[in-house]
Amino acid sequence: MKHMDDILASIHDIPPFPQVVVKAMEIISNPNYLVNDLLGVIRLDQSITANILKLCNSAYFGLPRKVSSLKEAVVYLGTVQLRQVLLASGVKDIYDRPDKGYSYFDGELWQHAIACALMAQILFRHLRLPLEENSIFTAALLHDVGKVVLSTYVSREFADIERLVKEENLPFHDAERQVLGFDHAEMGGRLAELWEFPEIISVAIRFHHQPEKAPKPHRLLSELIALSDSLVLMLGCGTSVDGLSYTMPHSLVDKLKLKKNDIEILMLKFQEEMSNAREMIEIRDV
Amino acid sequence: MIAQKILRPALLNPFSGNVRMARITIGIADMKVSADPADILTTYCLGSCIGLALYDPVARVGGILHYMLPSDSINPLKGEKNPYMFGSTGIPRLFKACYQLGAEKKRLIIKVAGGGQVLDESGMFNIGKRNYAFLRKILWKNNVMIEAENIGGTMNRTMYLRLSDGQVKVKVSREEMVVL
């Protein structure tokens, strides 16, 4: 059994958080930043620039008109949205790394992440949860980032994990823990720590398959991400070899006394917004 | 260790395995029918949703509906706007669309995939099961039977319908390809 930190230590190229994004975030943290300074940094990275434009035009941000240049995007978005777009464009590059174990196709894990962010946003608004929108977005976007690392570095153990899921009907994350000693959620939480995201984010990622175990002060966000993730999986957005083999998280549903109908209505709302956004976030039906 | 990029199977013909070809895709909450024997209808991302395939071997006409929820009774307005979201509004439309292309009810072969669900003992999230139960009920009422199906469990699925002969294949959780 490999120890999680051994794996992390043995990986020479843990996906670094894109430096352009880190730099750009620093710039906009100064309320008097100069737009040209920001543009100068972002333009260094073509893929980030392309991601930003795509994201600006996605359902999540819902801008009233199409944005076609980086400058326009920066001027048009508020600081909060700009921060989110920057983060997402960096996360996209991480998720788009080639993958072995989970057998995601190109871009699929990213599509799942952005779908989860949209679902979390819908739940947050409809259920009026006392959370901060930025944290929700960040946690939703990064929740499966552990899969990126696991996929490549424990690809051999995947057969055992899949066998446990099939033969013993174990939830996928339990099977991961049995074979590896940890699951992709824990690995993701650790990565978020390494990238120095706030504790609420790393906790939400770490407990997104067992939110009832999350430490109390950050439990609500874990519960929200867990529920959003499950609903998105049910709708088939970004499922792979793991399929729907996860335990349905009930804590938030019970807490808010949600009924079947409430869940269905939220799913409809999601589908509507998603279909508007389809081409923008590259959900490729092919 | 550098993993190879996985070629999306969408680029390959699922029936012959090697010839690249164009496909017609049915999205979530969507329906398409065809009378062109060169077409392959495909629907991805069947989690708890249902993929319903109809085929008339004489007229060589077929179609797929991919619906999300059983009944539009939770929101009839949404059912009007996009009838393919629901079984109640989508299923009759799929039959009618096939009839319009020359299919006949008595010849239609019906195959079903999807209806999976997350692990949940409470039954609160058994949308897959309810989607399937709804389909059975509506078909039974209309005196038609399902010929073959691949449903339930925690699997996600992709469904293909080949218009030239009506063969249906289902790809289950990225691995097995099952002929229905």
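User: Before we start, which ground rules apply to the numbering and to the predicted model?

Analyst: Residues are numbered from 1 along each chain as its sequence is written, while chains are lettered from A and ligands numbered from 1 in the order in which they are written. The model is predicted, so to speak of a local feature you need pLDDT of at least 70, side-chain atom pairs count only at pLDDT 80 or more, and totals for chains, interfaces and linings use all residues.

User: Okay. How many helices and strands are there in chain A?

Analyst: Helices (H or I, at least four residues) and strands (E, at least two) are DSSP runs, numbered from the N terminus. Chain A has 16 helices and zero strands.

User: How do I read a pair of packed helices, and what is the angle between α13(A) and α14(A)?

Analyst: Two packed helices are described by the angle between their axes and the distance between the axes. Axes are lines fitted to C-alpha atoms, for helices over the stretch in contact, and angles run from 0 to 180 degrees between N-to-C directions. Here α13 (residues 199-206) and α14 (residues 219-234) of chain A pack at about 45°, with axes 8 Å apart. That makes α13(A) oblique to α14(A); the classes are roughly parallel under 35 degrees, roughly antiparallel over 145, roughly perpendicular from 65 to 115, and oblique for the rest.

User: Which residues of α13(A) and α14(A) meet?

Analyst: A:Ile200, A:Val203 and A:Ala204 meet A:Leu221, A:Ser222 and A:Ile225, where contact means C-beta atoms, placed from the backbone, within 7 Å. Nonpolar covers Ala, Val, Leu, Ile, Met, Phe, Trp, Tyr, Cys and Pro, charged covers Asp, Glu, Lys and Arg, and the others, Gly among them, are polar.

User: And what about α9(A) and α12(A)?

Analyst: Helices α9 (residues 145-153) and α12 (residues 184-194) of chain A pack at about 110°, with axes 7 Å apart. That makes α9(A) roughly perpendicular to α12(A). Residues in the contact include A:Val149 and A:Leu150 of α9(A) and A:Met187 and A:Leu191 of α12(A). Its tally is six nonpolar, three polar and two charged residues.

User: Is A:Leu86 buried or exposed?

Analyst: A residue is buried if 20 or more other C-beta atoms lie within 10 Å of its own, exposed if 12 or fewer, and partly exposed in between, with C-beta atoms placed from the backbone. A:Leu86, in helix α6 (residues 79-95) of chain A, counts as buried because it has 27 C-beta neighbours inside 10 Å. Leaving aside neighbours within four places in sequence, A:Leu86 is in contact with A:Val21, A:Ala24 and A:Met25. Across chain A, buried residues make up 51% of the 286 residues.

User: How many residues does the largest nonpolar core have?

Analyst: In soluble globular proteins, nonpolar side chains tend to be buried together. A nonpolar core is a set of buried Ala, Val, Leu, Ile, Met, Phe, Trp, Tyr and Cys residues joined through C-beta atoms within 7 Å. The largest one has 131 residues, and those with the most contacts inside it include A:Ala113, B:Leu52 and B:Tyr67. Its largest share, 12 residues, comes from helix α7 (residues 108-127) of chain A.

User: Last one: what is phi at B:Ala29 and B:Cys45?

Analyst: Most residues other than glycine have a negative phi. B:Ala29 has a positive phi, near 60°, and sits in the loop between β1 (24-25) and β2 (30-34) of chain B. B:Cys45 also has a positive phi, about 60°, but its place is in strand β3 (residues 40-46) of chain B.

How values were computed. Contact = placed C-beta atoms within 7 Å.
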